[in-house]
Amino acid sequence: MKVRGGRTVRDLRRENRSTVLQRLYFDGPLSRFSLGPATGLSSGSVSNVVSELVAEGLVEEAGSVDSAGGRPRTLLRISADSGYMIGVDIGETRVRIELFDLTLTELARVERPLADAGPRRVDRYDVGVVVDHLREGIPEVLDRAGIAAERLLGVGVGVPGIVARTAEDGAVVHGQTIGWDAVPLERLLRESRLLPDTVPYSIDNGAKTLGQAEMWFGAGRGAQTAAVVLFGSGVGACVVTDDMRPGRAVEWGHLTVRVRGRRCRCGAQGCLEAYAGAEALLERWAEAGGRPPAGADEETALSAMTDAAYPAASPDGTVPAADATALAVLEETAEYLGAGFSDLINLFQPERILVGGWAGLRLGRRFLDEVRAHAAAYSLAYPAARVRIDLGTLGPDAVTVGAAILPLADFFARGGRREDAETERPDPAWRTSLRGRAAR
C-alpha cells in the first residue's frame, strides 16, 4: 500500500522503528511519554513501535521515574545483548579486531602486529597475510566472548586506502601506499566462509571510520562541520560538512606541501605524508643524524624520538638537555602539519579539526600548540578564527569503534531488522540522519 511521497506502509514502519531506536540509543533511557516529543511521533505510534521492539528483545525496561501527579513512568533502553558487531582496523603496523555489544561495549579483542608478516616497509605487506589475520582473529574474539556468529549484525572494516565498490566483488581497496592495487577484500572475506552469508561486511577508509566514531561519541559530538585527521604511519582525513554528510575520506596526506620535495610512499614528490607521516618522520630523523632504536617497531621508535626531543624531568627535578636533532625535526613537522591544517581550514571551513591515530595522539600532546599557531599563520583569518583544533577523545581504538558503527548504523536504518534475502541495503543517506541525531 502506497502512502504520501511514494513510500509504503512498510517504509513508514521501518522509519518509525529507526527513529525510536536512535533516540533511545543516543538519549536513553527514556519513557514512552518522553519518546513522543523526542521523535515527533504520535503516542499511538510510539506505543506500537515500543511494543514491537520489546517483544523482539531489542528494547528493555530500565527502572522508572516519577511523573507529575501520576504513576511512575517506565524507562526504556536499548538491550545491550540483542546484537553484536565486530570492528576491524587494518592499520599499517597491526591488525586490531574487537567485538562489541549493541551499546559498543568491548567484549573481546585480538591484535596481530604486521611487522612480523614480512619486510618492515608497509608497502610490501602481503594481502594474504592480512586476510589470514582476519580469518584467525574474527573466530577468536567470538570464541572468547562465547558469542555465536549468527548473532552478529555485521563486521565493519577500516582500511588504509580508497574504497570502491563493484557489483561482482563488493568493496575493493586501492591502497597505493601499502601496495594494494584493486584488492577485492570483501570477496576474499566472503570466500573464506568465516561467517554465515547473512552477516554483512562493511568496508571503508580508516580515516572515515575514525571520523564516524569521533562524531558520534567523541570530540566531534555536537559539531555540524569537522575534519578528523588520522595520523599514523601515513596521514589521512575525514571531512564532515553540510555538503559531505556523513563524512568523506579525503587523501589529505597526498596534498603537495613542497614542490619537488621528498619522495612520498605513493611515488609522488612533496606530499604532506612525506614530511608528517610517522614513517617519514623517523626517516628524516635518521637522515639528520638521529639514532632511532635498532630493530624497533615504528611505535617504539617514535616514542624514543619524542622522549629524546622532550625529555622528562629526573627524580631530582632536573631536566636533561633535549636532543637538538629530534627536536628540530619535530618542530619542522609541526609547521608542515600546520600548513596541512590550513588547507583543511581554507577549503572546508570546519568548526573543529580533531587529531587521532596512534602517532597523532602521541605527538599531539607535545606540540599541538605549535601546530595551532602554524595553522593560524597559514590560513585565511576568518575561518581560522572560527576553528578549534583538538585531540580526539576516543584513543587508539577509535578506528575499530567507527568500523563497528558501520553495521550498527545499517541495522538502525533497517529499523532494527537483520539483513536477509528480502532486505535491501539502506541508501547511504542513512548516515546523514544518524550523524545529525548523534550530534544533538
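## Helix H6 and the five-stranded sheet

In this predicted model, helix H6 (residues 206–217) lies across strands S7 and S11 and runs at about 100 degrees to S11. Both strands belong to an open sheet of five strands, ordered S6-S5-S4-S7-S11, in which the pairing is mixed. Strand S6 (106–113) and strand S11 (201–205) are the edges; each has a single partner strand, so one side of each has no neighbour in the sheet. From one strand to the next, the twist averages 15 degrees.

Within this sheet, strand S4 (residues 84–90) and strand S7 (residues 152–159) run parallel and are joined by six bridges. Val-88 stands opposite Val-157 in S7. A further helix, H4 (residues 127–145), lies across S4, strand S5 (94–101), S6 and S7, and its direction is at about 155 degrees to S6.

## The three-stranded sheet

Another open sheet consists of three strands in the order S1-S3-S2, with antiparallel pairing. Its edge strands are S1 (30–31) and S2 (59–65), each of which pairs on one side only. Five bridges connect S2 with strand S3 (residues 73–78) in the antiparallel sense. Val-65 stands opposite Arg-73 in S3.

Helix H1 (residues 9–27) lies across S1, S2 and S3. The angle between H1 and S3 is about 95 degrees.

## Helix H8 and its contact with H9

Two packed helices are described by the angle between their axes and the distance between the axes. For H8 and helix H9 (residues 298–309), the axes come within 10 Å and cross at roughly 55 degrees. The two helices are therefore oblique to each other, and their crossing is left-handed.

On the H8 side, the contact is made by Ala-278, Glu-279, Leu-281, Leu-282 and Trp-285. H9 contributes Glu-298, Ala-301, Leu-302, Ala-304 and Met-305. By class, the residues of this contact are eight nonpolar, no polar and two charged.

## Helix H8 and its contact with H10

H8 (residues 278–287) also packs with helix H10 (residues 324–348): their axes come within 9 Å and cross at roughly 140 degrees. H8 and H10 are therefore oblique to each other. The crossing of this pair is right-handed.

Leu-281, Arg-284 and Trp-285 of H8 meet Thr-325, Ala-326, Val-329, Leu-330, Glu-332 and Thr-333 of H10. The residues of this contact divide into five nonpolar, two polar and two charged. Leu-281 and Trp-285 take part in the contact with H10 and also in the contact with H9.

Note on methods
Residues numbered from 1 in each chain as written. Predicted model: local features only at pLDDT ≥ 70, side-chain atom pairs only at ≥ 80, totals over all residues. Heavy atoms only, no water. Axes fitted to C-alpha atoms, helices over the stretch in contact; angles between N-to-C directions. Helix = DSSP H or I, 4+ residues; strand = E, 2+ residues; numbered from the N terminus. Parallel < 35°, antiparallel > 145°, perpendicular 65-115°, else oblique. Left-handed = near helix turned anticlockwise from the far one by under 90°. Contact = heavy atoms within 4.5 Å. Nonpolar A, V, L, I, M, F, W, Y, C, P; charged D, E, K, R; others polar. Pairing = 2+ DSSP bridges.
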